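Dear colleague,

I am handing over a structure for you to look through, and below it you will find a short account of what was found. Please keep it open while you read.

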Amino acid sequence: MSTTHPLFKKHIQKASRFQLRKPTPKKTNWDKFYKLSSNENMMGASPRAVKALQQAIEGVYEYDFYDDYQFQDVLADFYNQELKSGQFITANSGVEVLEIICRGLVSVGSECIISSPTFSPYKNIIELEGGVVVDVPLNTPDYSYDVDGVLAAVTDKTAIVFVTNPNNPTGTYATKAEFERLLDALPKDVIVVYDEVYFHFVDADDFPYAKDYIKEGRNIIGLHTFSKIYGLAGMRVGYGLTTPEIGEYLNKIFRPFRISTLSTIAAYEALKDTEHVKASQEMVWEGKKWLYDKFQEAGVRYWPSQGNFVMFKSPINSIELTLQMLDEGVMVRPGDNFGAVGCTRMTIGTQEANERFWEVFSTFLNA
Ligand SMILES: Cc1ncc(COP(=O)(O)O)c(C=O)c1O
């Protein structure tokens, strides 16, 4: 197909296309399928959200009365008014918040720093605005954050530094001291997009939270989603949190009734579902310990994680491993697509899912 129509924008033509297809297992003779490939909440959706959705379904003939402004107010109350309405960017998913951010802040030729291996859609979203991706990889072999490398890569064209904390797929994190060193040294016009969508699963004491720096007036946009701990990945709802100045600017990128009625209703209820949040955290923290023990006993290299997933070294080619595990009804994700070649990432599941993962995975050890 021709891609040379005169109206086509050069930077969109050149952008790398993000693709994600669910692979199909060749065998299906397993009792139960475990999808441990997308870091969803294996405990399921917030029951409060599900109940509210069931009650709200017949109202979908109307436009969303619970519009973005009301969502802002709900979030401000959720943050005990420490952040105010107008400091949030509400959207259909974290990814859409990233699109709004890049649409508002990235110009053709702007440089955006990312640190691979990391969440792959950043690249595409930056390139669609004509931005240039500058990759400053995490330090190997521990995948720690390279503060000095990032600072050295900053130029007068740098618009955004993306910090993914905890990082996907490695599960590793930049400490408070590292993050503050970065913030203190960055030129004042550079904006940090601080993607902390997995923050609920963090158990480290020295983890930096976006909210604290926003309150200090730093140029930060935190990224949150309802896809992870709240178990609402299919509803597509997320938000950014930022300073009043950045919020006012980015909220100009608005369209009426952006988020569906059902998504906002589910989000409001999920925010109140502290029981579900707590139970999900416990499932992940317990599962993580169990998996670490298994990896250690078997001598498999893994990276301690602050997310609801663990990345480990694949005993065989990681794409081959994922395909073969898929045939046994366990879906995990090769790290190769993220830049972690030879590694595999699994979502921490229920104990039953973790055991089934281990049962299948361990057949590849010493094979
Ligand atoms: C690091 C990171 N950021 C953002 C997202 C976006 O989540 P969503 O678009 O479902 O809100 C994900 C999803 O996996 C992620 O891993």
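**The ligand and its surroundings**

The ligand is surrounded by 13 residues, of which the closest are Ser93, Gly94, Val95, Thr225 and Ser227, where a residue is near a molecule or strand if its C-beta atom, placed from the backbone, lies within 6 Å of it. Sorted by class, the shell around the ligand has 4 nonpolar, 8 polar and 1 charged residues; here Ala, Val, Leu, Ile, Met, Phe, Trp, Tyr, Cys and Pro count as nonpolar, Asp, Glu, Lys and Arg as charged, and the others, Gly among them, as polar.

Please bear in mind that this is a predicted model, in which local features need pLDDT of at least 70 and side-chain atom pairs count only at pLDDT 80 or more, while totals for chains, interfaces and linings use all residues. Residues are numbered from 1 along each chain as its sequence is written.

**Backbone details**

Ser93, one of the closest residues to the ligand, has a positive phi of about 100° although it is not a glycine, and its place is in the loop between strand 2 (88-91) and helix 4 (94-105). Helices (H or I, at least four residues) and strands (E, at least two) are DSSP runs, numbered from the N terminus. A cis peptide bond, with omega about 5°, joins Thr140 and Pro141, and Pro141 lies in the loop between strand 4 (132-135) and helix 6 (147-153). The peptide bond from Asn165 to Pro166 is also cis, with omega near -10°, and Pro166 is found in the loop between strand 5 (158-164) and helix 7 (176-185).

**Two domains**

The protein chain is divided into domain 1 (22-45 + 275-364) and domain 2 (48-272), with bounds that come from an automatic or database domain assignment. Between the two, 27 residues of domain 1 are in contact with 27 residues of domain 2, contact being counted if the C-beta atoms of two residues, placed from the backbone, lie within 7 Å. On the side of domain 1 that touches domain 2, the largest share, 6 residues, comes from helix 11.

**A helix pair**

Helix 11 (residues 274-298) and helix 13 (residues 351-361) pack at an angle of about 15°, with their axes 10 Å apart; axes are lines fitted to C-alpha atoms, for helices over the stretch in contact, and angles run from 0 to 180 degrees between N-to-C directions. Helix 11 is therefore roughly parallel to helix 13, a label given to angles under 35 degrees, whereas those over 145 count as roughly antiparallel, 65 to 115 as roughly perpendicular and the rest as oblique.

With best wishes
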